[in-house]
Amino acid sequence: MSINASQSEKMILHIPITQVLPGMITARDIYSRNDQLILVKGTKLLPNMIAKIMFYAIDSIYVYKAEEDVNSESSYYDRVKRSEDFKNFKKTYDDVIVEIKDSVNQLLRYSNQVPEQQLLHKVEKIIKTSKNRFHLFEMIYCIHEFDDLTFIHSINVALICHVFGEWLQMPPQEVKILTICGLLHDIGKLVIPKEILNKPGPLSKEEYEIVKDHPEQGYLLLLNHKMDERIRLAALQHHERYDGKGYPLCKYGNEINPFSMIVAIADVYDAMTSKRVYRGAICPFDVLKLFEEEGKQQYDVKYLIPLIQKIAEIYINHTVKLNNNQKGEIILLNKNCLSRPVIKVGNEFIDLSKHNDLRIEAVI
């Protein structure tokens with residue numbers, strides 16, 4: 001796409017990643033925080049590209065505004081949201097948000113002990129509304145009609161951590177602790193000024209540093225409360241990465257607590273699949289692709305691989321649309337390439353691992 005130089009200056013927008021839409025065009029090269037080139041200037045953004053930017057925790061980019069290119073076709077998730085199952089799930093979810101918000105605020109103001117059983121009971125109320133763990137994941141994916149507010153994100157991460165713990169065959173008591181780790185991982189954001197945390201435009205460098213301080217703030221908030229140490233560490237370490245390129249302490253490999261690593265995977269999965277006010281949720285297969293291709297450096301593979309395999313299994317027998325507009329059913333996963341399964345299209349079987357030009361665009 002060619003853009004007139006005089007027009008381009010007027011068209012450049014510097015916006016937070018939450019407001020980026022498919023169809024916008026990058027106005028500058030995009031680099032990770034470690035100076036790795038992610039996308040070049042002039043790239044027309046597709047949903048999988050937006051997922052990649054989010055994967056690297058880039059908070060804002062420069063774009064040329066373009067016409068929205070979002071597929072408005074009714075999807076599988078639209079049908080799920082119209083179901084009685086989802087309506088019941090959402091009612092319980094909405095009630096629990098209020099209850100947990102009250103409990104956490106009281107914890108910060110008055111208590112010196114985390115009411116773990118009370119918090120767990122509230123999370124389990126949501127879990128009991130689902131038929132099974134795969135069904136729960138579908139419900140969580142559909143609940144993303146809200147913008148990513150701290151409490152909503154924290155409840156989602158708690159639910160995902162609960163499922164992850166069961167998938168990893170942890171003892172029940174360990175699953176409970178991991179669930180609380182997920183619920184309280186972002187508690188440090190509660191002391192960040194709301195005008196910064198909820199700022200509609202891009203953050204300044206100084207504002208970003210304040211937000212980036214939330215892991216240490218969370219650890220300090222929990223320091224004087226009686227609890228399992230892993231809960232405090234999850235608050236402190238959920239932005240650390242296995243390759244040592246996370247923050248706030250640049251922990252490396254096994255220096256990161258296992259529960260913190262699992263919370264980190266759940267945290268980024270929820271962030272990337274969340275539906276925003278400005279755009280739809282990103283296709284889960286684009287997220288799986290990022291975890292497969294680039295997550296193995298950032299996350300401990302002994303947790304990452306079994307978890308993304310389970311996520312992929314959710315979509316067996318689901319109908320999907322490919323980027324060439326063909327529609328078919330997922331019938332088989334490729335163990336070494338989970339984001340590229342075998343699709344039955346009519347009487348034809350398409351192994352996406354052998355067709356690099358094809359990808360799953362949406363679950364329908």
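Lys212 sits over the face of Tyr247, 5.0 Å from the ring centre. Arg230 does likewise with Phe259, at 4.4 Å from the ring centre. For a charge to count as over a ring, NZ of Lys or CZ of Arg must be within 6 Å of the ring centre and within 35 degrees of the ring normal. Bear in mind that this is a predicted model, where local features need pLDDT of at least 70 and side-chain atom pairs count only at pLDDT 80 or more, while totals for chains, interfaces and linings use all residues. Residues are numbered from 1 along each chain as its sequence is written, and side-chain values use heavy atoms, with hydrogens and water left out.

Staying with rings, the structure holds eleven aromatic pairs. Rings of Phe, Tyr and Trp (its six-membered ring) pair if their centres lie within 6.5 Å; planes under 30 degrees apart are stacked, over 60 edge-to-face, and the rest tilted. One aromatic cluster brings together Phe134, Phe137, Phe164, Trp167 and Tyr269.

Now for the strands, which are DSSP runs of E with at least two residues, numbered from the N terminus. Two of them pair if DSSP finds at least two bridges between them. Three strands make an open sheet in the order 1-5-2, with antiparallel pairing. Its edges are strand 1 (12-16) and strand 2 (25-26), each pairing on one side only. Between strand 1 and strand 5 (residues 60-64) there are five bridges, in the antiparallel sense, and Leu13 has Val63 of strand 5 as its bridge partner.

Finally, the surface. Tyr31, Leu37 and Val40 make a nonpolar patch of about 270 Å². Nonpolar patch members (Val, Leu, Ile, Met, Phe, Trp, Tyr) have over 30% relative accessible area and no salt bridge, and their side chains are joined within 5 Å. Areas come from the Shrake-Rupley method with a 1.4 Å probe, and for residues only the protein chains shown count as cover. A salt bridge puts a side-chain nitrogen of Lys or Arg within 4 Å of a carboxyl oxygen of Asp or Glu. Tyr31 belongs to strand 3 (residues 30-31). Why is Tyr31 called partly exposed? Because its relative accessibility is 43%, and buried means under 20%, exposed over 50%, partly exposed in between.

How values were computed:
Patches are made of residues with over 30% relative accessible area and no salt bridge: like charges are joined within 9 Å, nonpolar side chains (Val, Leu, Ile, Met, Phe, Trp, Tyr) within 5 Å. Helices (H or I, at least four residues) and strands (E, at least two) are DSSP runs, numbered from the N terminus. Buried means under 20% relative accessible area, exposed over 50%, partly exposed in between (1.4 Å probe, protein chains only).
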